[in-house]
Amino acid sequence: MMKITIVGTGYVGLVTGTCFAEMGINVNCIDIDKRKIDNLKQGIIPIYEPDLDTLVHKNVKADRLHFYTDMKVCINDTDVVFSAVGTPPDENGSADLQYVLEVARTVGQLMQDYVLFVTKSTVPVGTAEKVRTVIQEELNKRGLDIPFDVASNPEFLKEGAAVDDFMRPDRIVVGVDSDKARSIMEQLYKPFTLNGHPVIFMDIASAEMTKYAANAMLATRISFMNDIANLCERLGANVHEVRKGIGSDPRIGAKFLYSGCGYGGSCFPKDVKALIQTAAEHNYDMRVLQAVEEVNEDQKTILYRKLYKHFNGDLHGKRIAIWGLSFKPQTDDMREAPSLLIIEKLLSAGCSIYAYDPIAMHEAQRILGDKINFCENIYAAAEAADAILLVTEWKEFRLPDWASIHGKMKTPIIFDGRNIYDSEELKNAGFVYYGLGV
């Protein structure tokens, strides 16, 4: 039976390890955070991801999923090592590879037999060669000639749907440069290709580039539609109709054409910056992506600007309700969340903030402390509010009791940052409504 080790138990590592275990593979998950590992052993999941806790409990009980803080205990019983550690942005925006290379160094120091080292983290083109060099250097120090391979297997998991994405992938991209590595990866992913979507094999550099190109394209579509929405407002057009009109073109498609108050999360902002920086290091300007990033940063403040304009710049003392804090629904991830920038500007303007999010409250409280007030539901947040800002489009926000909310608010105004409400319905209910691109 194949045995694998996953280093890093964040979104990517924990989902990857758990889903492989679900297919009958023996999986060891490694993390240097002892508290996190101790919690995982007790069934305490460090992130919110639908269905993940159930699968972790099931596979730990079945003795297929194990958690350790030291690779020494499992390296000699491992066929494949997946590096799923973080690659945070450096000050210049490039991906920080210190953790990936440290995993490679540890493997080189400990391995006794052939290992396939797979980069699962999002890493710049050329990282696999750096990994190969580090492992070989450690083997040379030990005076050993042990064969090994390096591969790239970028993840395409959506937070909030990561388990389903892994179990039923629309594509699996693998970069290899040896027949043995290809054979191992084919065997490993065979249970996941029964839906007819094959593993796409390519050279390692192309696999590394594919991940960045995919996220950059999706980010581009979002910023493009936000630009179109902003222009629609000035021209009297309706972005909803424009979206339907262009989305029906099969060359364009309907996905990722929704305007909003900016993208956030752990992937798009970081990966766009990293690709821009990688290009700069090779004397090339990614002019489209530079504009994508600029548009997105500006879009994160659009609700604040609309609020500021409505109150003629006088926001001091205003009580503002924030509905939704996470960067997207179905996750508690607050990284690069538009809500954080909005809250920062509202606080600077002298507003008091009352916020609610069904999942991300604990994480938001860790970040913001007592700077804002956290409420038990959207109705409590709306109490005596001068305005509501809808920032994250959680399903439970879609059909609230507008009559009750109208009665609670000081002034019934709503700024819809995700365009999920019907403007006519809200106007008929007595609200002043602001959407995007309408």
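H10 crosses H11 in the left-handed sense. This is a predicted model, so please take every value I quote as computed from it. H10 covers residues 268-281 and H11 covers residues 287-299; their axes lie 10 Å apart and the packing angle is about 145 degrees. From H10, the residues in contact are Val-272, Lys-273, Leu-275 and Ile-276, and from H11 they are Leu-289, Gln-290 and Glu-293. Sorted by class, that contact holds four nonpolar, one polar and two charged residues.

H11 has another packing partner to discuss, H8. The angle between H8 and H11 is about 55 degrees, with the axes 9 Å apart. That angle makes H8 oblique to H11. The crossing of H8 and H11 is left-handed. On the H8 side the contact uses Ala-216, Ala-219, Thr-220, Ser-223, Asn-226, Asp-227 and Asn-230, and on the H11 side Val-288, Leu-289, Val-292, Val-295, Asn-296 and Gln-299. The class count here is six nonpolar, six polar and one charged. Leu-289 of H11 is listed in the contact with H10 and also in the contact with H8.

While we are on H8, which spans residues 204-235, note that Arg-234 belongs to this helix. Is Arg-234 buried or exposed? Its relative accessibility is 67%, so Arg-234 counts as exposed. For scale, Arg-234 and Gly-350 are separated by 116 residues in sequence, and their C-alpha atoms by 29 Å in space.

Now the helix pair H4 and H5. H4 is residues 98-110 and H5 is residues 127-142; their axes come within 8 Å and cross at roughly 30 degrees. H4 is therefore roughly parallel to H5, the cut-off for that term being under 35 degrees. The crossing of H4 and H5 is right-handed. H4 contributes Val-100, Leu-101, Ala-104, Arg-105, Gly-108, Gln-109 and Leu-110, which meet Thr-127, Lys-130, Val-131, Val-134, Ile-135, Glu-138, Leu-139 and Arg-142 of H5. Of these contact residues, eight are nonpolar, three polar and four charged.

Thr-18 sits in H1, residues 11-22. What is the relative accessible area of Thr-18? The value is 0%, so Thr-18 is buried. Leaving aside residues up to four places away in sequence, Thr-18 touches Leu-52, Leu-55, Val-56, Asn-59 and Leu-65.

On to the sheet. Six strands make up an open sheet with parallel pairing, in the order S11-S10-S9-S12-S13-S14. Which strands stand at the edges? They are S11, residues 373-374, and S14, residues 432-434; each has a single partner strand, so one side of each is left without a neighbour in the sheet.

S9, residues 319-323, pairs with S12 in the parallel sense over four bridges. Within that pair, Trp-323 stands opposite Leu-390 in S12. S12 and S13 also run parallel, joined by three bridges, and Leu-390 stands opposite Asp-416 in S13. S13, residues 413-416, then pairs with S14 in the parallel sense, again over three bridges. There, Phe-415 stands opposite Tyr-434 in S14.

S12 deserves a separate word. In a regular strand, side chains alternate between the two faces of the sheet. S12 is residues 387-390, with Ala-387 and Leu-389 on one side and Ile-388 and Leu-390 on the other. These four residues are all buried, and both faces of S12 are covered.

Last, two backbone points for anyone checking torsions. Asn-312 is not a glycine, but has a positive phi of about 55 degrees. Asn-312 lies in the loop between H12, residues 302-310, and S9. With 73% relative accessibility, Asn-312 counts as exposed. Ala-384, also not a glycine, has a positive phi of about 60 degrees. Ala-384 is placed in the loop between H15, residues 378-382, and S12. Its relative accessibility is 33%, so Ala-384 counts as partly exposed.

Methods: Residues numbered from 1 in each chain as written. Predicted model: local features only at pLDDT ≥ 70, side-chain atom pairs only at ≥ 80, totals over all residues. Heavy atoms only, no water. Pairing = 2+ DSSP bridges. Buried < 20%, exposed > 50% of the residue type's maximum accessible area, 1.4 Å probe, protein only. Axes fitted to C-alpha atoms, helices over the stretch in contact; angles between N-to-C directions. Parallel < 35°, antiparallel > 145°, perpendicular 65-115°, else oblique. Left-handed = near helix turned anticlockwise from the far one by under 90°. Contact = heavy atoms within 4.5 Å. Nonpolar A, V, L, I, M, F, W, Y, C, P; charged D, E, K, R; others polar.
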